Amino acid sequence: MDFKKFVRDIPDFPKPGVSFKDITPLLKDPEALKAASDALVDFIGDQKIDKVVGMESRGFFYGPILAVALKAGFVPVRKVGKLPYKKISHTYDLEYGTDTLEIHEDAILKGEKVLVHDDVLATGGTAKATCKLVEALGGVVVQCNFLLEITALQGAAKLVGYEVKSLMRF
């Protein structure tokens, strides 16, 4: 299936000069949604996954679908102040400033095999910070997978040492 035909560009969103990759056309089409889900699961092969970790907010679309298909739990990684229980955090650099992500401290057990999923790989900062959170809890990142990758932003370069898979590249 040509998944790219289900992704539309929104110019100047969220700010002038940025071309936003909108995946909602893919999400609303049942055949494309299922085919993309199946393809993302196929990236894992026969590796055992205990938890799928999805980052706020677009990692929440496919993350739970992948968790169900892989018979794994789903763990949300969120921005500061959004998780109600005891948590750990990781602060990382952005182009201008910093951001912080959090995960519940009991979300991943030592030695658990983890798939890190986000729907878009852009600069790689969020994915790398998420991997650091998983590892801080003792989890093992088996793979980072993405619905789409914006190659010009070179996000995969920040994930050296991790297996990175993307269904689409722009």
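Trainee: In this predicted model, is Lys-71 buried or exposed?

Mentor: Lys-71 sits in the loop between α3 and β4 (73-79), and the cut-off for calling a residue exposed is a relative accessible area over 50%. Because the relative accessible area of Lys-71 is 73%, the residue is exposed.

Trainee: What is the phi of Lys-71 near?

Mentor: As background, most residues other than glycine have a negative phi. Lys-71 is a residue other than glycine with a positive value, and its phi is near 55°.

Trainee: Which loop holds Gln-154, and is Gln-154 buried or exposed?

Mentor: Gln-154 also has a positive phi, near 55°, in a residue other than glycine. Its place is in the loop between β8 (140-149) and β9 (164-169). With a relative accessibility of 57%, Gln-154 counts as exposed.

Trainee: Is Ala-72 buried or exposed?

Mentor: Ala-72 is found in the loop between α3 and β4, and the cut-off for a buried residue is under 20% relative accessible area. Since Ala-72 has a relative accessibility of 18%, this residue counts as buried.

Trainee: How many Å separate the C-alpha atoms of Gly-73 and Lys-51?

Mentor: Gly-73 is found in strand β4 and is partly exposed, with a relative accessible area of 27%. Not counting residues up to four places away in sequence, Gly-73 touches Asp-50, Lys-51, Val-52 and Ala-67. Gly-73 and Lys-51 are 22 residues apart in sequence, while their C-alpha to C-alpha distance in space is 4.6 Å.

Trainee: At roughly what angle do the axes of helix α2 and helix α3 cross?

Mentor: In general, two packed helices are described by the angle between their axes and the distance between the axes. For helix α2 (residues 30-42) and helix α3 (residues 59-69), the axes come within 10 Å and cross at roughly 60°. That angle makes α2 oblique to α3, and α2 passes α3 in a crossing that is right-handed.

Trainee: How many nonpolar, polar and charged residues does the contact of α2 with α3 have?

Mentor: On the α2 side, Ala-32, Leu-33, Ala-36, Ser-37, Leu-40 and Val-41 take part, and they meet Tyr-62, Ile-65, Leu-66 and Ala-69 in α3. Sorted by class, the contact of α2 with α3 has 9 nonpolar, 1 polar and no charged residues.

Trainee: Which residues does Phe-3 touch, not counting those up to four places away in sequence?

Mentor: Phe-3 lies in the segment before β1 and counts as buried at 9% relative accessibility. Its C-alpha atom is separated by 22 Å from that of Leu-115, a residue 112 places apart from Phe-3 along the chain. With residues up to four places away in sequence not counted, Phe-3 touches Leu-26, Ala-32, Ala-35, Ala-36, Leu-167 and Met-168.

Trainee: Where is the cis peptide bond that has omega near 5°, and which residues are joined by the one with omega of about -5°?

Mentor: Most peptide bonds are trans. The bond from Phe-13 to Pro-14 is cis, with omega near 5°, and Pro-14 has its place in the loop between β1 (8-11) and β2 (19-22). Ser-57 is found in the loop between β3 (51-55) and α3, and the cis bond with omega of about -5° joins Glu-56 and Ser-57.

Definitions and conventions
Residues are numbered from 1 along each chain as its sequence is written. This is a predicted model: local features need pLDDT of at least 70, side-chain atom pairs count only at pLDDT 80 or more; totals for chains, interfaces and linings use all residues. Side-chain values use heavy atoms; hydrogens and water are left out. Axes are lines fitted to C-alpha atoms, for helices over the stretch in contact, and angles run from 0 to 180 degrees between N-to-C directions. Helices (H or I, at least four residues) and strands (E, at least two) are DSSP runs, numbered from the N terminus. Angles under 35 degrees count as roughly parallel, over 145 as roughly antiparallel, 65 to 115 as roughly perpendicular and the rest as oblique. A crossing is left-handed if the near helix is turned anticlockwise from the far one by less than a right angle, and right-handed if clockwise. Contact means heavy atoms within 4.5 Å. Ala, Val, Leu, Ile, Met, Phe, Trp, Tyr, Cys and Pro count as nonpolar, Asp, Glu, Lys and Arg as charged, and the others, Gly among them, as polar. Buried means under 20% relative accessible area, exposed over 50%, partly exposed in between (1.4 Å probe, protein chains only).
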